[in-house]
Amino acid sequence: MREAEVRRLLAANLLGALAIVLATLGPAFFLDGFSVLGTHLTWLCVCSVCVATLNIILHLVLKPNQSLKRRSFGHKISRFLKCCIYFFMSSILFHAIIVLYGAPLIELVTETFLFAVLLSTFTTLQCLCLLGPNIQAWIRVFSKNGAMSIWESSLQITSVCSILGAWFGAFPIPLDWDRPWQVWPISCSLGATFGYMAGLIIAPLWIHWNRKQLTYKSR
Amino acid sequence: RTRMRLRSGVFASSCLLVQALGVALFLRGFFPVPVRSVPRREARADPPAEPAPPGPGMVSNWTKIPPPLFKKVVIVLIDALRDDFVFGPKGKQFMPYTTQVVEKGTSYSFIAEAKPPTVTMPRIKALMTGSIPGFIDVVVNLNSPALLDDNLIWQAKTAGKRIIFYGDDTWVKLFPKHFVEYDGTTSFFVSDFTEVDDNVTRHLDRVLKREDWDLLILHYLGLDHIGHMTGPNSPLVGPKLREMDNILKKIHISLLSKVEEVSLPNLLVVCGDHGMSETGSHGGSSEGEVHTPLLFISSAFGKRSAPAAQPEHVQQTDLASTLAIGLGLPISRNSVGNLILPVVEGKTMREQLRFVHLNGFQLSRLLQENTPAYEKDPGYEHFKIAEKSHGNWIKLYLEGNNSEILLNLGKKVLKQYLEALKTLSSSLSKQVAQYDMYSMMVGTVIIMEVLILLLLSVPKALSKRAEFEVPLSPPLFSLLFYLMCLTLCAVHVIVCTSAESLCYFCSMSWLTAVGVIMLISALMCGILSAVANILENYRLPLKNPVPSSYSWSEIDVLILAGTIGHVLSLGASSFIEEEHQTWYFLINTLCLVLCQELCRNNFLLKECDPQHCTNVKQNFNSIGESSECKNIDIPAASNSKLGKATSSSEFIKGSDKWISLATPWIILICCRLLRSLNQTGVQWAHRPDFGHWLTSSEHKSELSFLAAVSLLMIFFLVQRRCSLVSKIAMSLGLLGVYSYRAAIGNVTFPWQHGGKDISKGITEARFVYVFVLGIVFTGTKDLLKSQVISADSSMKSTGLWEVYSGLVLLAALLFRPHNLPVLVFCLLIQTMMTKYIWIPLKFDAAQITIMHYWFGQAFFYFQGNSNGIATVDISAGFVGLDSYVEIPAIFLTAFATYAGPFLWAIHLLCYLSSEVSRNSAAVGHGCFCYALMRSIPVAIYVVLVTGLRYHLFIWSVFSPKLLYEGVHVFITAAVCLCFTAMDQNHSYKVQE
């Protein structure tokens with residue numbers, strides 16, 4: 001049971017990493033002059049959309065937290081709308097935090113906002129897929145010993161890794177190397193992406209190695 | 001065996017004092033006072049003759065210094081004249097006459113590169129001696145003693161030239177009794193734009209008519225003042241440049257009119273001592289600060305047909321050699337400059353060769369005096385070759401060979417000479433950075449030993465009792481101690497007798513040196529005994545295992561990672577230039593982590609309870625694993641549980657909870673606002689910020705409003721814990737601050753319209769000083785009372801707070817008006833943090849100390865400081881003073897610069913002494929942590945700087961930072977002494 005679950009997680013996460021690779025390499029065949037550094041905004045959009053689509057599809061296919069109750073169609077719609085609002089709110093919140101960290105307030109708004117959307121895709125969207133629009137559950141998952149399934153552990157790891165990646169990505173900005181990837185927000189978004197991919201790969205391995213210690217409270 | 005008990009506060013302060021000594025020694029070694037100047041009397045060696053032509057019978061008759069090329073020379077030095085003010089669009093617009101002379105007239109124009117530090121006094125020295133003054137000249141910039149090196153002015157005076165000087169009185173101090181006539185103006189009142197220059201110009205008409213002078217030097221300060229106050233793009237720059245243009249026109253026309261009367265032409269030199277950065281300050285090495293125009297205008301030069309392309313780059317030091325040749329004087333011995341050849345291009349080939357030979361001879365002699373292996377220097381070799389071919393050329397010349405071939409050959413020799421000069425001067429410039437390695441090493445050893453001792457004693461110092469037992473004379477260590485002393489003394493003697501260059505530590509009296517050596521050995525023994533202690537304790541715990549259940553919270557991880565990361569970042573020049581970004585980044589992250597901590601505390605308080613957790617776990621376990629992946633109802637369940645948890649907990653209730661949750665966000669917003677108040681650093685310093693917007697003249701009313709509101713806020717934030725008398729004094733003092741700023745013209749009163757005469761505001765400033773002293777005195781009195789009578793601790797905390805508010809008032813007086821919001825936000829953040837974060841979350845003293853330190857560092861940069869010398873606001877040292885008085889000026893400037901870290905440290909003291917009821921050792925822990933936080937970066941940085949001493953940016957980036965770090969250590973040592981004094985009081989009470 002446990003082993004099979006971990007294997008499913010690994011497959012899902014590898015698919016996620018693959019989606020990012022595809023989002024980076026794929027568009028070059030369709031769009032002229034596409035490159036991650038040159039047309040960074042396009043890449044941000046493509047990457048966010050790819051990751052988001054894949055996550056939603058995986059959620060629908062794997063159904064890690066299957067509800068036994070059959071719910072009405074209206075309920076589902078309202079839930080979906082709620083999710084959309086939450087996603088938008090989290091993008092705004094990330095944007096605000098990034099500006100508080102020192103990003104320019106008026107210039108480069110599009111860049112900053114798309115970076116915030118990318119971060120939301122890596123973190124909030126997964127939460128929404130897994131936990132639904134339920135803030136209390138989010139707080140539970142992101143506190144110590146709060147995870148209740150390997151999916152939640154994986155969520156913890158990938159989210160923390162992507163945010164840490166973005167955090168570390170800001171380091172090279174003040175260096176005077178004048179490289180194209182030092183331009184705002186390229187280093188941060190690349191950092192977040194690498195962090196996310198690292199998280200996707202680390203999570204199943206970490207769960208596999210710590211499977212003895214991991215005792216999930218569940219019901 | 002005698003053992004001494006030592007509290008951690010006392011221990012930390014004494015460690016920091018020793019470290020301050022080490023830092024002082026290191027700084028003395030790192031910034032050596034230049035030793036290469038030969039006393040002037042010896043400097044009057046005979047000038048070299050022309051190289052002798054090979055073969056017998058032929059001797060050149062040119063053995064003396066060549067005669068002057070110019071009769072009268074006028075040097076117009078315009079302070080902070082940047083190259084684009086003359087050659088750029090600004091020059092074309094505002095300096096039409098000069099532009100015309102540059103493009104079509106008889107002139108040569110260059111861009112002279114100044115070496116950092118781009119501050120006036122070192123630049124004057126460079127211009128007149130041709131040498132590159134050491135960095136330490138900045139420190140003595142305000143208090144310039146007479147220049148003792150060989151220099152152009154002295155040479156001119158000895159040669160009987162009559163020199164007249166008008167302008168910056170730095171010159172008068174540098175060259176006392178050198179001028180036959182002078183009028184010095186002081187440059188310290190930066191807000192004066194017109195009078196400083198009128199004081200110079202008023203003499204001009206009279207002097208230009210007279211014939212009784214040979215060298216006239218004018219130093220105009222107005223442009224520099226405008227730059228300091230309003231920046232290079234202010235509307236005031238244009239009229240000032242036009243004024244300068246008119247002055248140049250007047251001088252030039254007057255010099256031209258004299259040409260007919262005398263045989264020799266006259267020369268007008270226009271130069272700047274340094275430029276200005278995009279913010280209008282100077283001191284660093286940005287392009288704008290380094291590039292200055294240099295114009296030679298004389299009827300001797302050929303008329304230019306077409307406007308020249310970009311002016312050529314020369315070194316600022318080249319002026320001294322060129323002028324020496326032009327005036328027929330020997331070149332100053334320490335000059336590393338090259339003759340600027342175009343200036344003498346009109347002369348015959350023989351003369352030109354003679355000039356460059358003189359220059360080359362002087363440079364190679366300087367090289368001989370300073371490097372033992374001078375013969376291997378490529379510059380010296382080149383020079384010797386050139387000298388030889390020069391001799392051959394002279395032979396041909398004396399033989400009467402006067403053809404085209406001779407001219408071409410001469411050109412070839414000239415080229416060889418120029419090559420040699422260039423190489424010589426670059427290898428000499430490199431030598432300027434000669435380090436006194438022995439003193440540096442001794443300083444580093446002391447600093448590192450103190451750091452290791454502090455680190456080793458962390459567990460004991462932060463224990464409950466915060467006490468040490470220092471073994472004073474354990475037998476083994478005393479033997480070791482004597483052995484070490486002897487070895488080190490032997491090393492000292494060997495090093496000092498074998499050293500070639502002068503060394504500060506060797507030149508100290510032997511008693512002092514032995515004292516330092518004993519100190520080093522004692523510290524070493526202390527370290528060894530501490531290590532031995534730790535090893536002993538390692539064996540013991542097997543018997544009584546201490547439950548080390550202490551787990552690392554996110555805050556601890558962040559604090560540790562932040563400290564280490566910051567220290568490591570000091571190795572990169574960009575990270576030093578942009579250090580403010582590091583601190584802003586760290587405190588932002590700190591706020592977010594605090595936010596998470598608050599969330600957890602407010603929402604999940606019960607879940608952290610271990611008992612509860614196990615209950616829940618059992619509950620869950622009993623349900624079994626079968627439904628593990630179908631836990632959709634968990635959210636709902638935890639929801640209700642959490643609801644219960646929060647409702648049952650009386651941790652923080654109602655609105656307080658929400659304010660507490662909002663606190664980190666409010667602080668984050670404050671920090672963001674402060675960040676955009678002063679753009680600092682290097683890369684983004686030119687970005688527009690609120691500070692410049694506010695200080696520009698058209699926003700005076702906004703600035704006045706902001707200053708008034710800020711002062712009001714300061715009053716409300718400070719007064720709540722003061723006694724009534726202090727409240728009244730505080731309000732009057734803050735009113736005084738506003739009227740001081742109104743008096744010197746920074747802000748206006750609402751009822752005031754139109755221009756008002758600007759004064760120095762001495763009365764108003766002194767009025768505020770009276771209240772500052774009064775409040776601090778009241779506070780100290782309360783403190784002493786609480787110590788003697790041992791009354792309740794409330795009196796003590798009131799006393800401390802009053803001292804703190806007195807310092808806040810002083811900071812309010814010294815800060816520029818646009819920086820007053822920094823003070824407001826500082827107080828606001830302190831108040832909010834204390835009320836909603838530190839007290840409710842029950843952080844321990846160490847964590848709170850480190851947070852205070854971080855915020856202090858961030859506020860250092862929020863107030864507009866950077867790691868460059870240029871941002872030090874010297875004007876703070878003249879608040880309320882009639883003229884420059886050294887001690888108060890240094891004290892006030894240091895206080896104004898380090899106001900951020902200092903105020904946070906004093907606030908930490910206030911906070912920790914009020915915490916004493918909860919944790920009796922809080923002040924000791926705080927003191928220890930504060931000392932540790934300061935000593936880690938300084939120790940690592942000293943090592944890094946020693947390693948990077950030949951880095952390209954050592955003078956422009958690393959050295960200023962080293963000075964900042966050094967001064968910060970001294971200030972922290974003072975703060976730690978305050979801590980110890982407070983701790984003392986407390987322990988007395990406990991004993992009673």
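These legends describe close-up views of a predicted model.

Residues are numbered from 1 along each chain as its sequence is written, with chains lettered from A and ligands numbered from 1 in the order in which they are written. In this predicted model, local features need pLDDT of at least 70, side-chain atom pairs count only at pLDDT 80 or more, and totals for chains, interfaces and linings use all residues, while side-chain values use heavy atoms, with hydrogens and water left out.

**View 1. Overview of chain B.** Chain B holds 40 helices and 10 strands. Helices (H or I, at least four residues) and strands (E, at least two) are DSSP runs, numbered from the N terminus. Of the 992 residues in chain B, 56% are buried. Buried means under 20% relative accessible area, exposed over 50%, and partly exposed in between (1.4 Å probe, protein chains only). The accessible surface of chain B is about 42200 Å², and carbon and sulfur atoms account for 63% of it. Areas come from the Shrake-Rupley method with a 1.4 Å probe; for residues, only the protein chains shown count as cover. Among contacts in chain B with a separation of 6 or more, 79% join residues 24 or more positions apart. A contact means heavy atoms within 4.5 Å.

**View 2. A nonpolar surface patch on chain A.** A:Leu10, A:Leu14, A:Ile201, A:Leu205 and A:Trp209 form a nonpolar patch of about 500 Å². Helix H1 (2-25) and helix H9 (186-209) of chain A each give two or more residues to the patch. H9(A) supplies the largest share, 3 residues. A:Trp209 lies in helix H9 of chain A and is exposed, at 65% relative accessibility. Patches are made of residues with over 30% relative accessible area and no salt bridge; like charges are joined within 9 Å, nonpolar side chains (Val, Leu, Ile, Met, Phe, Trp, Tyr) within 5 Å. A salt bridge is a side-chain nitrogen of Lys or Arg within 4 Å of a carboxyl oxygen of Asp or Glu.

**View 3. Aromatic pairs.** The count over all chains is 41 aromatic pairs. The rings of A:Phe115 and A:Trp184 have centres 5.8 Å apart and planes at 85°, so the pair is edge-to-face. This pair links distant parts of the chain, 69 residues apart: A:Phe115 is in helix H5 (residues 109-122) of chain A, and A:Trp184 is in the loop between helix H8 (150-169) and H9. Both A:Phe115 and A:Trp184 are buried. B:Phe26 and B:Phe30 are stacked, because their ring centres are 5.9 Å apart and their planes are at 15°. They sit 4 residues apart in helix H1 (residues 8-30) of chain B, about one helical turn. B:Phe26 and B:Phe30 are both buried. Ring pairs also link A:Tyr101, A:Trp167, A:Phe168, A:Phe171 and B:Phe585 into a cluster. Rings of Phe, Tyr and Trp (its six-membered ring) pair if their centres lie within 6.5 Å; planes under 30 degrees apart count as stacked, over 60 as edge-to-face and the rest as tilted.

View 4. The peptide bond from A:Trp184 to A:Pro185 is cis, with omega near -5°. A:Pro185 lies in the loop between H8 and H9 of chain A. A:Leu108 has a positive phi, near 55°, and is not a glycine. A:Leu108 belongs to the loop between helix H4 (73-100) and H5 of chain A and is partly exposed at 37% relative accessibility. B:Ala80, also not a glycine, has a positive phi of about 65°. B:Ala80 is in the loop between strand S2 (73-78) and helix H3 (83-87) of chain B. B:Ala80 is buried, at 0% relative accessibility.

**View 5. A buried helix in chain B.** Helix H36 (residues 845-862) of chain B has 18 residues. All 18 of its 18 residues are buried. B:Gly864 follows H36(B), with a positive phi near 100°.

View 6. B:Thr317 lies in the loop between strand S9 (312-315) and helix H14 (318-327) of chain B. B:Thr317 is buried, at 8% relative accessible area. Leaving out residues up to four places away in sequence, B:Thr317 touches B:Ala126, B:Gly130, B:Ser131, B:Ile132, B:Ser335, B:Val336 and B:Gly337. B:Lys422 is in helix H17 (residues 404-431) of chain B and is exposed, at 61%. B:Lys422 and B:Gly379 are 43 residues apart in sequence, with C-alpha atoms 7.6 Å apart.

Definitions and conventions. Expected span 1.5 Å × (residues − 1).
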